[in-house]
Amino acid sequence: MESRGNFGSKLGVILATAGSAVGLGNVWRFPYMAGQNGGAAFILIYLVCIILLGLPGMMSEFIIGRHSASNAARAYSNLGKNKAWGTVGLMGVITSMIILGFYAVVAGWCLQYLYASIMGGVHGDPEYVKTYFQTFASDPIRPTLWAVGFILLTHAVVVRGVRNGIEKASKILMPLLFVLLVVIVVASCSLPGAMKGVQFLFHPDFSKVDENVLLEALGQAFFSLSLGTACLCTYASYFSRQTNLLKSASQIVVIDTLIAVLAGLMIFPAAFSVGVQPDSGPSLIFITLPNVFQQAFGDMPVVSYIISVLFYALLVLAALTSTISMHEIGTAMIYEERKITRAKGAWIETITCSIIAVFCSLSQGAVPGLGFFGKDFLTNCDNFTAQLLMPFASIVTCLFLGWYVPKKIVRDEFTNWGTVSGKLFPVFLFMIRFVSPICILLIFLHQFGVI
């Protein structure tokens, strides 16, 4: 079996791991939730939720991954001194495979729109733009090919290894993503009436804050950082013993939140300048925003063209940084456990996820009724991972590290064997033993409408 490899620099650690967290959800979910739930008030609550759940959850997976320096399934079994614990890590691997399968479909849509933008743009009246998306998504061939193509693009990065593939790509993709985002933010905020959108996003309206907003903020913190997918655990297995876990986790959270807020500054000013109220989900980036950009920059065709191309390039980059991490989770486990080459392990992961992607893509209209429980295949994959697998794996991780793993091991990892301050260790231990599991349980119950 070939060597595992590791990240070669602190910057590589931060950019690669932040890239795993930054994804399409930062663009289509966070801005909408912030705007609809009190603006700056929601952002403040979200930051509190990051402290209560995000950081402790991230640190938990970091500790498990780095301590074992192995794939997620083996990491849990090694630390728990029992192969049964490996089921938790295996669950994360399976979760990541399913997520990569349906995520690649949406990422493929982004590739199609990037191609269409380069070739002249998706333009016309709002009804045409809506019809364009519906016609494309329900096509049996094109979206499926784009989805599989995106997985192959991800494969091309992962197969090159940790340092030469994932780290190198992250050092290019993440700065480029940030630059594109800032360029579009500047263009959006320069439009007439754009400041109304800025005010909408940043004006704290605490009258909108209720228990649902608190639970939505908790959920956003949980899903935005990819907790419960074994992603953080897998990446941490490539960390050096000198990596300051708490400092790295804090920096990653800051980057993830900053990009989400910048996405709001990209969307709301442009939307308000043309009197459009943004919605959420795929309809935002494939139906609403093409119309917004068309109207906002309609009298400047060249600018409209450039903004459209940059926007969909931004989405492709955001999707790619996430799919790379999801692919690596399964790849690492397959080639390590089967004792084969990384290339063969990556191909097994690619083929498995491509099959899932094909079913998810075809369920979006090409094959009516492709699904179960009255929902299409893609929606079922999304619900199964987000509502069941991720919360379960995450809550077990907190309890596992907080109550089962010897306290000395957890402290040694937290403090880098005494070389980093351990003043916050008692707080961390209290959080993963009591606070974080309760938060995850609340998210789980809220998703099913129990609370």
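1. Is E413 buried or exposed in this predicted model? E413 is buried, with a relative accessible area of 0%, where buried stands for under 20% relative accessible area, exposed for over 50% and partly exposed for what lies in between (1.4 Å probe, protein chains only).

2. A word on the basis of this note: residues are numbered from 1 along each chain as its sequence is written, and side-chain values use heavy atoms, with hydrogens and water left out. Since the model is predicted, local features need pLDDT of at least 70 and side-chain atom pairs count only at pLDDT 80 or more, while totals for chains, interfaces and linings use all residues.

3. The partner of E413 in a salt bridge (a side-chain nitrogen of Lys or Arg within 4 Å of a carboxyl oxygen of Asp or Glu) is R241, and the closest N and O atoms are 3.2 Å apart. R241 sits in the loop between α12 (231-236) and α13 (245-273), whereas E413 belongs to helix α18 (residues 407-414), so the pair ties together parts that are 172 residues apart in sequence. Helices such as these are DSSP runs (H or I, at least four residues), numbered from the N terminus. R241 is partly exposed, at 35% relative accessible area, and a network of salt bridges links R66, R241 and E413.

4. The structure holds 8 salt bridges, and another of them joins the side chains of R74 and E337 at 2.9 Å, N to O. Because R74 lies in helix α5 (residues 72-80) and E337 in helix α15 (residues 301-337), this pair ties together parts that are 263 residues apart in sequence. R74 is partly exposed at 25% relative accessibility, and E337 is partly exposed at 37%.

5. K171 forms a salt bridge with E167, with the closest N and O atoms 3.4 Å apart. K171 and E167 are 4 residues apart in helix α9 (residues 162-189), which means that about one helical turn separates them. K171 is partly exposed at 35% relative accessibility, whereas E167 is buried, with a relative accessible area of 3%.

6. Turning to helix packing, the axes of helix α16 (residues 342-362) and α17 come within 6 Å and cross at roughly 125°; the axes are lines fitted to C-alpha atoms over the stretch in contact, with angles running from 0 to 180 degrees between N-to-C directions. The two helices α16 and α17 are therefore oblique to each other, because angles under 35 degrees count as roughly parallel, over 145 as roughly antiparallel, 65 to 115 as roughly perpendicular and the rest as oblique.
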